[in-house]
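Subject: Structure handover

Hello,

Here is the structure we discussed, with the sequence. My notes on what was found in it follow below.

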Amino acid sequence: MKLFLRLGLIGLLPLTAACAPLPHVGDRAVPNAFFVFFDSGSASPAEGSDAVLREAAAFARAHDTLQFKVVGHRAKAEKDDALDIARAVAVGARLETAGVASDRMVVVGMGHAESIAAAAGNDPAADRRVDIMVSLGGK
């Protein structure tokens, strides 16, 4: 896995789904992201995340030309500056263990720069996440 630390905004993502739809590729709709959530202060995926990680890994194995950006986030109240990247690395490692080649993933930490808590009713749990972003092109 390549490790990068970058700050920027990519927009708001829905919190209620494990996967958000993308336009059709060929005759099939493909997801553009999978979401893994975390308990406060933890770099281990929250209980119930295994199903999302399995779905993301299965999708990646079935579409071997796609690239993935694994983006870690932390809530503003979480003061550990390394927590976002630790979360992203943990998810990337789980995907790699499930058969996704590391050269297909870029792992980044965003800190709390891409907060979506306000869009989720000011729930800081929304910011304790990793987004597995699907890229139809290069990394």
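Read from the N terminus, the elements of the chain follow the order β-β-β-α-β-α-β-β. That makes 2 helices and 6 strands, assigned as DSSP runs (H or I of at least four residues for helices, E of at least two for strands) and numbered from the N terminus.

On provenance: this is a predicted model, in which local features need pLDDT of at least 70 and side-chain atom pairs count only at pLDDT 80 or more, while totals for chains, interfaces and linings use all residues. Residues are numbered from 1 along each chain as its sequence is written, and side-chain values use heavy atoms, with hydrogens and water left out.

Overall figures. The chain has 139 residues, of which 42% count as buried (under 20% relative accessible area; exposed is over 50% and partly exposed in between, with a 1.4 Å probe and protein chains only). Its accessible surface comes to about 7100 Å², and 57% of that belongs to carbon and sulfur atoms (Shrake-Rupley method, 1.4 Å probe; for residues, only the protein chains shown count as cover). Taking contacts (heavy atoms within 4.5 Å) between residues at least 6 apart in sequence, 70% join residues at least 24 apart.

Cores. A nonpolar core here is a set of buried Ala, Val, Leu, Ile, Met, Phe, Trp, Tyr and Cys residues joined through side-chain atoms within 4.5 Å. The largest one has 21 residues, and the members touching the most others are Phe34, Val36, Phe68, Val70, Val91, Leu95 and Ile132. Two or more residues each come from β3 (28-37), α1, β4 (67-72), α2 (83-97), β5 (105-109) and β6 (129-135). Helix α1 gives the largest share, 6 residues. Another core, of 7 residues, lies apart from it and includes Phe35, Val71, Val108 and Met133. Beyond four places in sequence, Phe68 touches Phe59, Ala60, Arg104, Met105, Val106, Ile132, Met133 and Val134.

Aromatic pairs. The count is 1, with Phe, Tyr and Trp rings (the six-membered ring for Trp) pairing if their centres lie within 6.5 Å; planes under 30 degrees apart are stacked, over 60 edge-to-face and the rest tilted. The ring centres of Phe34 and Phe59 are 6.0 Å apart with planes at 55°, so this pair is tilted. Because Phe34 is in strand β3 and Phe59 in helix α1, the pair ties together parts that are 25 residues apart in sequence. Phe34 is buried at 1% relative accessibility, and Phe59 is buried at 12%.

Polar contacts (N or O atoms within 3.5 Å; within protein, one must be able to donate a hydrogen and the other to accept it, and residues adjacent in sequence count only if both atoms are side-chain atoms). Asp50, in helix α1 (residues 50-62), is partly exposed at 42% relative accessibility. Its side chain makes a polar contact with that of Arg94 at 2.3 Å. His73 sits in the loop between β4 and α2 and is buried, at 1% relative accessibility. The side chain of His73 makes a polar contact with the side chain of Asp131 at 2.8 Å.

Helix α2. Gly99, with a positive phi near 105°, follows α2.

Regards
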